Amino acid sequence: MYATPLAVGIDQIGFYTSNFYLDLAVLAQRNGIDVSKYHHGIGQEKMSVPAHDEDIVTLAANAADSIIDDAERENISAVFFATETGIDQSKAAGVYVHRLLGLNSNCRVVELKQACYSCTAALQMACALVARNPKKSVLVIASDVARYELDSAAEATQGCGAVAMIIKANPRILQIQPQAGNYTEDVMDFWRPNYRKTALVDGKFSTQMYIKAMLAAWDNYQADGGFAFADIAHFCYHLPFTRMGQKAHRSLCQHNMASIPKDAFDTQLADSLIYSRIIGNSYSASLFIGLTSLLEQNTNDLTGKNIGFLSYGSGCVAEFFAGTVVAGYKDKLHTKKHEAMLHAREPLSHTQYVDLWNYPDPQEGEEVTMQMGTTGKFKLARIYEHKRDYLRV
Ligand code: HMG
């Protein structure tokens, strides 16, 4: 067993997604597919589509803006930015966010990548850094745009979103426990070479790898002294689509020889799926948007409950870890703001969606069009001298 001298974990959590979405009923009708394949087969209803002037930086700044006050601005010692939708081969996207949020200049900023897994690595590194200097906090951000080819089997599993978390000593939302289980294997289930805007994916194989890696990570978590299955009240999974989370949980139940009645199965899982069902895949952010969904949509008091997390990133790396909900957490949530943001989104016609999808990346010297623009506080205004110019609106 580890000594746990200090409680470290999530003190604040916020997320953001685009103000545009495509209803999958529209996609089903256009593609001549029975909509129940989307609603039940993959468990998705809507997918967020980024605006012309929106990218991982603007999504991230919007997610983080509402969780940071002036005292926190001064106290943040590092920004860890997880993404697989990089906008530059050299400069970390978090440096733009650092300026947009007005963070103090005595701060480390770095970008992390390993498909959808990297935010978990960022969270664990942030916990370690805070344990080393408990007076300081770390801002962890995950921000991604999930993009597959039009008319492909994966098209309905697109989406976009960002999550931001303040990691601190004596956190007011979730204490992250030190035990963790990991699994890595070099496989080609999903990848995106630098010369492509869309991911390549071996869809069925990726779902098999997800389950295989999850069970191996779980076994390693048990070997590390983690909570027994029966001691975990709720589970959050990486959600490429919500049915994947249900399948994963069923496999984990079977693996633990736990025969769970449907009601109990839903109690363990259902609330974490609500936001992803209407946002779609947000890659590195998806697991933690799932946590936000659970904390905000579950009507019970979760104080003292253990939450299990399964992080999976294709390629592949998986990790199982857990956290314990802290008393008073509900006061720190931004439930109304998140619900209002999701409610205010604008539905796209199929033509508008295809136009947005085909909209070329802005090039040198171009102003970014205001049409189909973001309603968020931050936007990409132009590219000049090959530099991205972001504005707070
Ligand atoms: P597909 O070929 O369109 O789907 O691709 P399908 O034909 O297998 O159908 C899907 C399910 O819908 C099936 O259920 C059907 O039976 C059911 P299942 O057998 O799986 O239980 N179905 C229906 N249900 C109700 N009414 C109907 C109906 N018709 C069929 N009428 C696939 C599905 C997931 C492969 C595809 O969407 C894809 O390639 N997606 C992208 C890859 C992906 O999301 N993989 C997930 C695991 S990997 C991961 O999570 C990492 C990732 O996030 C990336 C990263 O790490 O960065 C992707």
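View 1. A nitrogen atom of the ligand sits 2.7 Å from an N or O atom in the side chain of Ser36. That makes a polar contact, meaning a pair of N or O atoms within 3.5 Å. This is a predicted model, where local features need pLDDT of at least 70 and side-chain atom pairs count only at pLDDT 80 or more, while totals for chains, interfaces and linings use all residues. Residues are numbered from 1 along each chain as its sequence is written, and side-chain values use heavy atoms, with hydrogens and water left out. Now look at Lys247: one of its polar side-chain atoms is 2.3 Å from an oxygen atom of the ligand. Arg243 has a polar side-chain atom 3.3 Å from a ligand oxygen atom. The protein covers 75% of the 1,100 Å² of accessible area that the ligand has on its own (areas come from the Shrake-Rupley method with a 1.4 Å probe).

**View 2. Who surrounds the ligand?** There are 27 residues around the ligand, and Ser36, Lys37, Glu84, Cys116 and Lys247 come nearest. A residue counts as near if one of its heavy atoms lies within 4 Å. Sorted by type, the shell has 11 nonpolar, 10 polar and six charged residues; Gly goes with the polar ones here, and Asp, Glu, Lys and Arg are the charged ones.

**View 3. Elements that build the shell.** Helix H2 (35-42), helix H7 (203-223), helix H8 (242-255) and strand S12 (306-313) are the elements that give two or more residues to the shell around the ligand. H7 gives the most, with five residues. Helices (H or I, at least four residues) and strands (E, at least two) are DSSP runs, numbered from the N terminus.

View 4. Two strands pair if DSSP finds at least two bridges between them.

**View 5. Zooming in on S2.** Strand S2 (residues 20-23) runs parallel to S14, joined by two bridges. With S3, S2 pairs in the antiparallel sense, over three bridges. Phe20 has Glu346 as its bridge partner in S14. Which residues stand opposite Tyr21? In S14 Pro347 does, and in S3 Ser48 does.

Note on methods
A polar contact is a pair of N or O atoms within 3.5 Å; within protein, one must be able to donate a hydrogen and the other to accept it, and residues adjacent in sequence count only if both atoms are side-chain atoms.
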